[in-house]
Amino acid sequence: MRLTTKGRFAVTAMIDLALREAHGPVTLAGISQRQHISLSYLEQLFGKLRRFNIVESTRGPGGGYTLARKPEEVSVADIIVAVDEPLDATQCGGKGNCHGDDEEHGRCMTHDLWANLNTRMVEYLASVSLRDLVAQQADRGQVVHDLRERKVKVEPIKVMKAAPAPLAKKESSIAAKPLLVNSVFNLARQS
């Protein structure tokens with residue numbers, strides 16, 4: 001039994017989201033770039049996560065996804081169930097008809113073993129919260145940089161008028177200044 005990429009990618013993307021959401025909504029494009037997961041695949045996964053009230057979306061400029069619940073309230077089992085990931089080690093999908101629909105050959109000899117493994121897996125994954133996984137990343141020294149563009153307020157430059165100087169002084173200062181190579185004024189002087 002293996003957890004498929006659907007479950008792995010969903011959990012990875014949720015860790016990325018939880019690490020960065022303090023800076024505002026996180027874009028799927030950003031998660032896609034950082035985690036090397038297809039953007040269209042993430043869109044499918046996050047649609048399912050939104051339906052299960054695990055994430056919320058914000059539209060428009062500066063939009064993206066945030067957690068709909070606190071990280072300690074979201075378990076790995078919640079994420080995996082939300083994206084339709086089957087956690088089943090039995091051959092029959094838990095139905096007990098391991099050898100087909102025949103009454104004589106119903107359950108296989110190991111059915112209870114695999115059914116108990118399913119129960120333990122779900123119990124374990126339900127005991128691990130998103131907050132636990134974020135804390136693991138912090139313990140490993142994971143540094144989160146907010147790479148989103150920040151709007152910088154540009155102040156206009158204040159130009160102060162100089163006191164008028166005598167004409168002779170102005171002419172000598174113009175001649176003393178070096179010419180600017182890429183200056184529009186320099187180009188006008190050359191023609």
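This is a predicted model: local features need pLDDT of at least 70, side-chain atom pairs count only at pLDDT 80 or more; totals for chains, interfaces and linings use all residues.
Axes here are lines fitted to C-alpha atoms, for helices over the stretch in contact, and the angles between them run from 0 to 180 degrees between N-to-C directions.

Helix α1 has another partner in helix α3, residues 39-51. Here the axes come within 10 Å and cross at roughly 80 degrees, which makes α1 roughly perpendicular to α3 as well. From α1 the contact draws on T5, K6, F9, A10, A13, M14 and L17, while α3 brings in Y41, L42, L45, F46, K48 and L49. The class breakdown for α1 with α3 is 10 nonpolar, one polar and two charged residues.

One pair in this contact deserves a second look. Two aromatic pairs are counted in the model. In the pair of F9 and Y41, the ring centres are 5.8 Å apart and the planes stand at 85 degrees, so the arrangement is edge-to-face. Because F9 belongs to helix α1 and Y41 to helix α3, the pair ties together parts that are 32 residues apart in sequence. F9 counts as partly exposed, at 27% relative accessibility, and Y41 is also partly exposed, with a relative accessible area of 23%.

Stepping back to the whole chain, there are eight helices and two strands. Reading from the N terminus, the elements go α-α-α-β-β-α-α-α-α-α. Of the 191 residues, 31% are buried. Among contacts between residues at least 6 apart in sequence, 63% join residues at least 24 apart.

What holds the middle of the picture is the largest nonpolar core, which has 34 residues. Within it, M14, L17, F46 and L49 touch the most other members. At least two residues of this core come from each of α1, α2 (28-35), α3, β2 (64-67), α4 (76-82), α5 (111-127) and α6. Helix α1 supplies the largest share, with eight residues.

Helix α2 has its own buried residues, namely L28, G30, I31 and S32. Their cover includes α1, α3 and β2. Just after α2 comes H36, with a positive phi of about 60 degrees, although H36 is not a glycine. This residue, H36, lies in the loop between α2 and α3 and counts as exposed, at 70% relative accessibility. N53 is another residue other than glycine with a positive phi, in this case near 55 degrees. The loop between α3 and β1 (55-58) is where N53 lies, and N53 is partly exposed, with a relative accessible area of 44%.

Some loop residues are tucked away instead. S75, in the loop between β2 and α4, counts as buried at 8% relative accessibility. Leaving out neighbours within four places in sequence, S75 is in contact with L125, A126, V128 and S129. L87, found in the loop between α4 and α5, is likewise buried, with a relative accessible area of 17%. L87 and T4 are 83 residues apart along the chain, yet their C-alpha atoms are separated by 9.6 Å.

Note on methods
Residues are numbered from 1 along each chain as its sequence is written. Side-chain values use heavy atoms; hydrogens and water are left out. Helices (H or I, at least four residues) and strands (E, at least two) are DSSP runs, numbered from the N terminus. Angles under 35 degrees count as roughly parallel, over 145 as roughly antiparallel, 65 to 115 as roughly perpendicular and the rest as oblique. Contact means heavy atoms within 4.5 Å. Ala, Val, Leu, Ile, Met, Phe, Trp, Tyr, Cys and Pro count as nonpolar, Asp, Glu, Lys and Arg as charged, and the others, Gly among them, as polar. A nonpolar core is a set of buried Ala, Val, Leu, Ile, Met, Phe, Trp, Tyr and Cys residues joined through side-chain atoms within 4.5 Å. Buried means under 20% relative accessible area, exposed over 50%, partly exposed in between (1.4 Å probe, protein chains only). Rings of Phe, Tyr and Trp (its six-membered ring) pair if their centres lie within 6.5 Å; planes under 30 degrees apart count as stacked, over 60 as edge-to-face and the rest as tilted.
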